[in-house]
Amino acid sequence: QLQLVESGGGLVQPGRSLRLACAATGGTLNDYAIGWFRQAPGKERQGVSCINNNDGNFNYAASVRGRSTISSDNAKRTVYLDIDNLKPDDTAVYYCAAVQTRPLVACWYLMTDTAMTLWGKGTPVTVSS
């Protein structure tokens, strides 16, 4: 059974960078769209970034665009999210999620709690000096 496991969270100083990883166990992510979400204390979960492994289309939320990079290593069955210039507002629990899809489906279209069918348990990120 395919499962997702996040890693890479922790305490980071403002202005530093962080790499989050979403590893698949029990299968591959080759025909999946994978999304990163985050939920800050007292706030709703929001989409951060996504990639459709079928064709590589990707997208970012405005809050991280220009300082984030999503990438996929199919051999390692892992999707990474790099965030640079971290800010206190980036503090949240970060979740990865996935759903089987097809090429040419824009991954951002699938960035909802109901569209995603697989979820990891999350990794906490705290940005503080």
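## Largest pocket

The largest pocket of this predicted model holds about 150 Å³ of space. A pocket here is an open set of points on a 1 Å grid over the protein atoms alone, with protein on both sides within 12 Å along at least five of seven lines. Its volume is the space filled by probe spheres set on the points.

R38, Q39, A40, K43, E44, Q46, D89, T91 and A92 line the largest pocket; lining residues have an atom within 4 Å of a point. By class, four are charged, three polar and two nonpolar. Asp, Glu, Lys and Arg count as charged, Ala is among the nonpolar residues, and those in neither class are polar.

## Strands and sheet

The protein chain has 11 strands and zero helices. Strands are DSSP E runs of at least two residues, and helices are H or I runs of at least four.

Four strands form an open antiparallel sheet, ordered 1-3-8-7. Strand 1 (3-7) and strand 7 (68-73) are at the edges with a single partner strand each, so one side of each has no neighbour in the sheet. The twist averages 15 degrees from one strand to the next, taken between lines fitted to C-alpha atoms on a scale from 0 to 180 degrees.

Strand 3 (residues 18-25) pairs with strand 8 (residues 78-83) over six bridges, in the antiparallel sense. Pairing requires at least two DSSP bridges. A21 stands opposite Y80 in strand 8.

## Overall dimensions

The C-alpha trace spans about 40 × 25 × 25 Å along its principal axes. Of the 129 residues, 44% are buried, meaning under 20% relative accessible area with a 1.4 Å probe, protein chains only.

## Basis

Residues are numbered from 1 along each chain as its sequence is written. Local features need pLDDT of at least 70, and side-chain atom pairs count only at pLDDT 80 or more, while totals for chains, interfaces and linings use all residues; side-chain values use heavy atoms, without hydrogens and water.

Key. On a 1 Å grid over the protein atoms alone, a cavity is a set of points where a 1.4 Å probe fits but cannot get out, and a pocket is an open set with protein on both sides within 12 Å along at least five of seven lines; lining residues have an atom within 4 Å of a point. Buried means under 20% relative accessible area, exposed over 50%, partly exposed in between (1.4 Å probe, protein chains only).
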